[in-house]
Amino acid sequence: MLPIIFIVPIVQLLILVHAATLEMKNIDMYIVDKDLSSTSRGIVQKFESSPFYHINHHSFSMQDAENELKKGNIDIILHIPYGFESELIKGNDSGLQLLIDAINGTAAGLIQSYTQAVLADYNRNIMLKWTSPVIKEKPLSIEITHSFWYNPELNYQTYMVPGILVLLVTLIGMILTSLNLVREKELGTAEQINVTPIRKYHFITGKLFPFWIIALFELAFGLLIGKLIFDIPIVGNLGLLFLFAAVYLFAILGAGLFFSTLASTQQQVMFINFFFMLLFILMSGLFTPVETMPDWARVINIANPMAYFMRVNRMILLKGSGFYDILPEFVSVSIYALIILSLAVWRYRKTV
Amino acid sequence: MNEQKETIITVKNLVKKFGNFKANDNLSFEVFKGEIFGFLGANGAGKTTAIKILCGLWAPTSGEINVAGFDIYTQTEQVKKNIGYMSQKFSLYEDITVFENIRLFGGIYGLSRREIAQRATDLMRRLDLEHSRDKLISSLPLGWRQKLAFSVAILHKPKLVFLDEPTGGVDPVTRRKFWDQIYEAADRGITVFVTTHYMDEAEYCDRVSIMVDGRIADLDTPSALKGKYRVKNMNEVFLKIARIKPDEYNKLEPIYKVRKFK
């Protein structure tokens with residue numbers, strides 16, 4: 001058991017942080033350049049020099065290109081039609097075609113915006129080059145520059161590590177607690193305990209306290225790894241983070257205890273855990289932002305303790321939010337913990 | 001045997017239903033202080049259900065039950081303070097040591113550190129387990145674990161101990177030794193309530209009740225029962241009561257048949 005406690009966070013952080021990335025680094029592009037003009041070559045060159053694109057195919061046949069797209073070998077087709085440059089020179093509107101594999105909608109959206117950005121950039125260049133040399137000043141336009149706050153380099157790891165830590169703490173707290181209690185039922189020690197005059201809250205405290213400590217330890221250990229390996233920023237107050245985690249864990253351990261009262265075998269309780277963990281994780285905002293979820297899903301998320309910690313962990317670590325910034329989440333999680341723990345303690349019966 | 005016949009368990013019209021199935025159908029009996037009371041019956045007759053109700057583990061459907069002077073509905077925790085319990089499942093914590101188990105259960109029953117240390121030493125000397133004080137329970141053979149589980153169940157010196165098929169799955173020699181331990185406990189004034197389906201063990205009890213299909217079919221001393229049914233041993237008493245025909249008896253597993261001990 002002890003090695004697992006150390007290995008789990010390392011493996012989870014190393015694998016998930018690297019693998020579960022939404023950054024598009026290897027966009028496979030198929031180019032159908034029917035124009036073969038200097039402009040079209042310029043466009044192709046622009047993509048070739050970008051680190052985000054892999055240009056593995058060129059051909060003149062849209063049919064071939066579409067077949068590749070169907071097979072899933074490529075992500076995007078860039079179609080430059082015949083006469084592209086000449087139409088442009090004549091001053092007519094000239095068009096390009098982009099065909100994107102949108103089975104993964106999020107990825108397709110990203111590919112589209114990357115590609116359009118590249119094209120827009122090129123567009124500006126040729127506009128400047130081709131407009132009359134007399135007018136040397138720039139055409140009037142509003143220039144938008146932006147900087148990203150709290151994660152200036154848009155480093156995905158910085159975003160993921162705090163999320164994975166939440167996952168880790170929740171897994172340890174909920175699954176270990178519920179499994180441990182149900183295991184006692186299977187072994188018969190639970191019955192032996194129930195026949196003693198032990199107070200309910202004594203037993204429950206004794207059972208939950210070790211996992212509370214273990215989970216907080218895991219959080220500390222995970223943060224250390226996150227700092228050493230991924231160099232995640234720790235902007236906020238760690239004391240505040242642990243205070244929140246401590247309260248959050250009451251809710252999670254309460255849920256574990258509650259699940260254990262619903263099941264009589266470890267298999268059953270694993271199933272219950274799995275059901276809720278999946279919901280909690282996918283709706284928590286670990287991978288997809290909660291803000292993009294439909295309203296009804298956000299209502300369901302009120303009952304998702306992970307969503308609160310996910311938000312708060314990132315807020316404290318990356319933004320350096322203080323106590324008043326996380327107060328709403330803190331209050332919510334405290335109420336959550338109170339409700340679920342009371343429910344679990346009430347459900348836990350010494351006499352059935 | 002205590003001749004004053006002070007009752008320690010009083011059960012009146014105990015009924016326990018699981019859905020439509022009556023596991024205990026209107027049980028009424030008394031157990032006297034100091035006796036070894038055998039609660040006999042075939043598997044599924046309702047013995048375990050009854051014992052779990054008497055220990056406060058399961059709530060009865062109806063009936064009046066008083067254990068060790070306390071009402072089972074309203075004073076469940078008081079009942080629990082005054083009884084010991086050992087189930088057919090082995091129930092000490094296997095991943096901690098002998099002494100740690102003693103300390104845990106001693107602590108739960110509110111014994112002081114000194115009392116625990118003293119009783120642990122006594123207990124381990126009596127069981128000849130002194131050298132295993134710091135061994136994990138999982139490393140002990142089953143017979144020893146059971147002896148230890150029984151001793152831990154009466155560590156807090158209860159008035160009454162419930163044993164639910166305590167000798168299930170052990171060899172006859174170990175069973176015999178276990179019964180020596182039960183006698184020892186009875187000598188110290190602890191009332192013993194024991195369920196078993198080994199009919200030979202019924203001979204060791206002061207009084208036995210025999211359950212068939214959720215009812216108590218008969219209740220008396222072993223010799224009175226043998227006289228009543230005009231048979232030589234408790235096994236045949238049981239068979240007569242349960243109305244099993246002799247040819248069916250011959251097909252039974254040898255384990256259910258009588259073993260004679262010296």
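This is a predicted model: local features need pLDDT of at least 70, side-chain atom pairs count only at pLDDT 80 or more; totals for chains, interfaces and linings use all residues.

User: How many helices and strands are in chain B?
Analyst: Chain B has 10 helices and 10 strands.

User: OK, in what order do the four strands of the open sheet in chain B come?
Analyst: The order is E2-E1-E4-E5, with antiparallel pairing. Strand E2 (21–32) and strand E5 (70–71) of chain B are the edges, each pairing on one side only.

User: And how many bridges join E1(B) to E2(B)?
Analyst: Eight, and the two strands run antiparallel. To pick one pair, Lys16(B) has Asn24(B) in E2(B) as its bridge partner.

User: Which helix lies across E1, E2 and E4 of chain B?
Analyst: That's helix H1 (residues 47–54) of chain B, running at about 120 degrees to E1(B).

User: Switching to chain A. At what angle do H9(A) and H13(A) cross?
Analyst: Roughly 30 degrees, with the axes coming within 8 Å. Angles under 35 degrees count as roughly parallel, so H9(A) is roughly parallel to H13(A). The crossing of H9(A) and H13(A) is left-handed.

User: Which residues make that contact between H9(A) and H13(A)?
Analyst: From H9(A), they include Phe244(A), Val247(A), Phe250(A) and Phe258(A). From H13(A), Phe330(A), Val333(A), Ile340(A) and Arg347(A) are among them. By class, the contact of H9(A) with H13(A) has 16 nonpolar, three polar and one charged.

User: What about H9(A) and H10(A), what's the angle there?
Analyst: About 135 degrees, with the axes 9 Å apart. H9(A) and H10(A) are therefore oblique to each other, and H9(A) passes H10(A) in a right-handed crossing. Phe259(A), Ser260(A) and Leu262(A) of H9(A) make the contact with Val269(A), Ile272(A) and Asn273(A) of H10(A).

User: How many of the residues in the contact of H9(A) with H10(A) are charged?
Analyst: None; that contact has four nonpolar and two polar residues.

User: Last one: how many residues of chain A are in contact with chain B?
Analyst: 11 residues of chain A, in contact with 17 residues of chain B. On the chain A side there are four nonpolar, six polar and one charged residues.

Definitions and conventions
Residues are numbered from 1 along each chain as its sequence is written. Chains are lettered from A and ligands numbered from 1 in the order in which they are written. Axes are lines fitted to C-alpha atoms, for helices over the stretch in contact, and angles run from 0 to 180 degrees between N-to-C directions. Angles under 35 degrees count as roughly parallel, over 145 as roughly antiparallel, 65 to 115 as roughly perpendicular and the rest as oblique. A crossing is left-handed if the near helix is turned anticlockwise from the far one by less than a right angle, and right-handed if clockwise. Two residues are in contact if their C-beta atoms, placed from the backbone, lie within 7 Å. Ala, Val, Leu, Ile, Met, Phe, Trp, Tyr, Cys and Pro count as nonpolar, Asp, Glu, Lys and Arg as charged, and the others, Gly among them, as polar. Two strands pair if DSSP finds at least two bridges between them.
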